[in-house]
Amino acid sequence: MHSPQPDFETVHVTRLDVVCDGGQGALGHPRVYLHIDAAEGSIVCPYCSRTFVYEGGAHGHTHAA
Ligand SMILES: [Zn+2]
């Protein structure tokens, strides 16, 4: 028995490059690579609408390319 999840999950990550496959269940989708814009700090997976929030921890260390 698994607990119900909210429709749009928020995933906290520590890297700007993330891989999403939608997780388990109905939201699953082919694996896609997403790149978080450091200025944005988050990205929404176009497939499953999960929000990936960057938590690099290096706040104040913005490294503008
Ligand atoms: Zn996804």
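Predicted model: local features only at pLDDT ≥ 70, side-chain atom pairs only at ≥ 80, totals over all residues.
His12 stands opposite Val53, a residue of strand β5, where strands (E, at least two residues) and helices (H or I, at least four residues) are DSSP runs numbered from the N terminus. Strand β5 covers residues 51-54 and runs parallel to β1, to which four bridges join it; two strands are said to pair if DSSP finds at least two bridges between them.

Residues are numbered from 1 along each chain as its sequence is written.

**The sheet and its strands**

The protein has five strands and zero helices, so that, read from the N terminus, its elements run β-β-β-β-β. Three of the strands make an open sheet in the order β1-β5-β4, and the pairing within this sheet is mixed. Because β1 (10-13) and β4 (42-44) each have a single partner strand, they stand at the edges, and one side of each is left without a neighbour in the sheet. On average, neighbouring strands of this sheet are turned by 20° against each other, direction ignored, with axes being lines fitted to C-alpha atoms, for helices over the stretch in contact, and angles running from 0 to 180 degrees between N-to-C directions. Strands of a sheet pair through backbone hydrogen bonds, either parallel or antiparallel.

The pairing of β4 with β5 is antiparallel and extends over three bridges, and Ser42 has Val53 in β5 as its bridge partner. These two strands form a hairpin with six residues between them.

A residue is buried if 20 or more other C-beta atoms lie within 10 Å of its own, exposed if 12 or fewer, and partly exposed in between, with C-beta atoms placed from the backbone. By this rule, buried residues make up 6% of the 65 residues in the protein.

| Residue | Other C-beta atoms within 10 Å | Class |
|---|---|---|
| Phe52 | 23 atoms | buried |
| Asp37 | 10 atoms | exposed |

Phe52 has its place in strand β5. Leaving aside neighbours within four places in sequence, Phe52 is in contact with Val11, Val13, Val18, Leu34, Ile36, Ser42, Ile43 and Cys45, a contact being a pair of residues whose C-beta atoms, placed from the backbone, lie within 7 Å. Phe52 and Cys20 are 32 residues apart in sequence, and their C-alpha atoms are 9.2 Å apart in space. Across the protein, 41% of the contacts with a separation of 6 or more are made by residues 24 or more positions apart.

**Two loop residues**

Ser49 lies in the loop between β4 and β5, and this residue has a positive phi of about 65° although it is not a glycine. Most residues other than glycine have a negative phi, and most peptide bonds are trans.

Asp37 belongs to the loop between β3 (32-35) and β4. The C-alpha atoms of Asp37 and Tyr54 are separated by 9.0 Å, while the two residues are 17 residues apart along the chain.

Notes: Contact = placed C-beta atoms within 7 Å.
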